[in-house]
Structure formats: structure tokens, C-alpha cells
Amino acid sequence: MRMQRLFVLTAALSLTAFAGSVLGQECSVTVDSNDVLQYDTDAITVNSDCQEFTVNLTHSGKLAKNVMGHNWVLSQAEDVQGIASDGITAGLDNNYLMPDDERVIAATAIIGGGEMTSVTFPVGVLEAGTNYTFFCSFPGHSAVMQGTLLLE
Ligand code: ZN
């Protein structure tokens with residue numbers, strides 16, 4: 001009797017998980033970064049049915065944020081270099097982003113090894129067919145730490 005009940009419970013749980021993966025929209029993504037200048041993804045797709053989209057950024061390395069800090073910044077592709085170079089002047093206190101930079105669509109704080117952070121932005125700010133780029137604005141990192149984001 002006890003075994004039977006346990007089985008039913010397990011079946012119900014896995015059905016919920018299955019329905020969630022098929023019908024539910026993925027309105028968030030987790031991106032990991034590390035001590036060797038890498039994100040673990042180079043392409044993110046945002047479902048246009050989502051109202052908001054959340055990016056969770058983790059740092060699985062060990063180095064402190066003033067040495068190997070990473071953030072996740074979203075902008076149009078052509079703005080990456082300008083944002084990154086203005087960010088150097090802004091410094092770590094401003095998460096290597098010029099305060100109120102209108103070219104920045106969304107951005108997390110800079111984190112170091114073992115830390116995590118996130119940012120949520122309204123999907124309405126994205127346009128289909130536009131080339132968005134995400135990158136790290138820590139000085140020197142954007143050249144290798146970047147990827148594309150697409151509204152679908
Ligand atoms: Zn970085």
C-alpha cells in the first residue's frame with residue numbers, strides 16, 4: 001500500500017516536469033563564467049511570448065572581481081566597443097559601465113569567483129531581426145567574452 005502511494009506521487013511529479021518543459025516558455029537563462037575569460041554559452045534566444053526575460057550570471061572561478069570580474073551586458077552589436085571603452089573610465093565602482101549609458105539595454109553587476117547575480121528586463125524593448133550582443137565590460141574582456149541574443 002505504501003509503495004503504491006509512493007509510485008503515484010513519483011508519476012505525478014514527473015508528469016508536471018514533463019508538461020513544464022514542453023508547454024512552459026523558458027523566460028530565463030543561466031550563464032556561467034569562469035577564470036579563463038569564458039561564458040558557457042555564445043547564443044541566447046528569447047521567446048517573444050515572454051513578458052520579461054531573466055539572465056542569471058554565475059562565476060564558477062576563484063578569482064576576485066577586481067582581477068577576473070565578469071558581468072553580462074546587452075546592447076546592439078555596433079555599440080559594444082563604445083560601451084566597453086567608456087566602461088573602462090567608469091571603473092569597477094560603476095561595474096565598468098558609464099552611469100546611465102543609454103546604449104545599454106540590460107546589465108548585471110560585476111561579480112567575482114563563487115558569486116552570482118541576475119538581471120531582468122522587459123522583452124518589449126527587443127525588436128525582431130535586430131542583432132543584439134551580450135558581453136563582459138570588464139576591461140579587455142569584451143573581445144573574447146561575447147555572444148549573440150536573438151528575439152524569436
Ligand atoms: Zn569579464
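Good morning. I begin with strand β8, residues 146–151: G147, L149 and L151 form its covered face, while Q146, T148 and L150 form the uncovered one. In general, side chains in a regular strand alternate between the two faces of the sheet. Please keep in mind that the model before you is a predicted one.

Which strands pair with β8? Strand β2, residues 43–46, runs parallel to β8, and four bridges join the two. Within that pairing, I44 stands opposite L149. Strand β7, residues 132–135, also pairs with β8 over four bridges, but in the antiparallel sense. There, G147 of β8 is the bridge partner of F134.

The protein chain contains three helices and eight strands, and their order along the sequence is α-β-β-β-α-β-α-β-β-β-β. Of its 152 residues, 38% are buried. If we take contacts between residues at least 6 apart in sequence, 74% of them join residues at least 24 apart. The chain exposes about 8,900 Å², and carbon and sulfur atoms supply 54% of that area.

The largest nonpolar core has 25 residues, and the members that touch the most others are W72, L74 and L149. Strands β2, β3 (52–59), β6 (116–122), β7 and β8 each supply at least two residues of this core. Which strand gives the most to it? That is β3, with three residues. Another core, of seven residues, lies apart from the largest one; V80, I83, A84 and L97 are among its members.

H70 lies in the loop between α2 (65–68) and β4 (73–76), and H141 in the loop between β7 and β8, so the pair ties together parts that are 71 residues apart in sequence. Are these two histidines, H70 and H141, buried or exposed? Both are buried.

Technical notes: Residues numbered from 1 in each chain as written. Predicted model: local features only at pLDDT ≥ 70, side-chain atom pairs only at ≥ 80, totals over all residues. Heavy atoms only, no water. Buried < 20%, exposed > 50% of the residue type's maximum accessible area, 1.4 Å probe, protein only. Contact = heavy atoms within 4.5 Å. Areas by Shrake-Rupley, 256 points an atom, 1.4 Å probe, with all protein chains shown as cover. Pairing = 2+ DSSP bridges. Core = buried A, V, L, I, M, F, W, Y, C linked by side-chain atoms within 4.5 Å.
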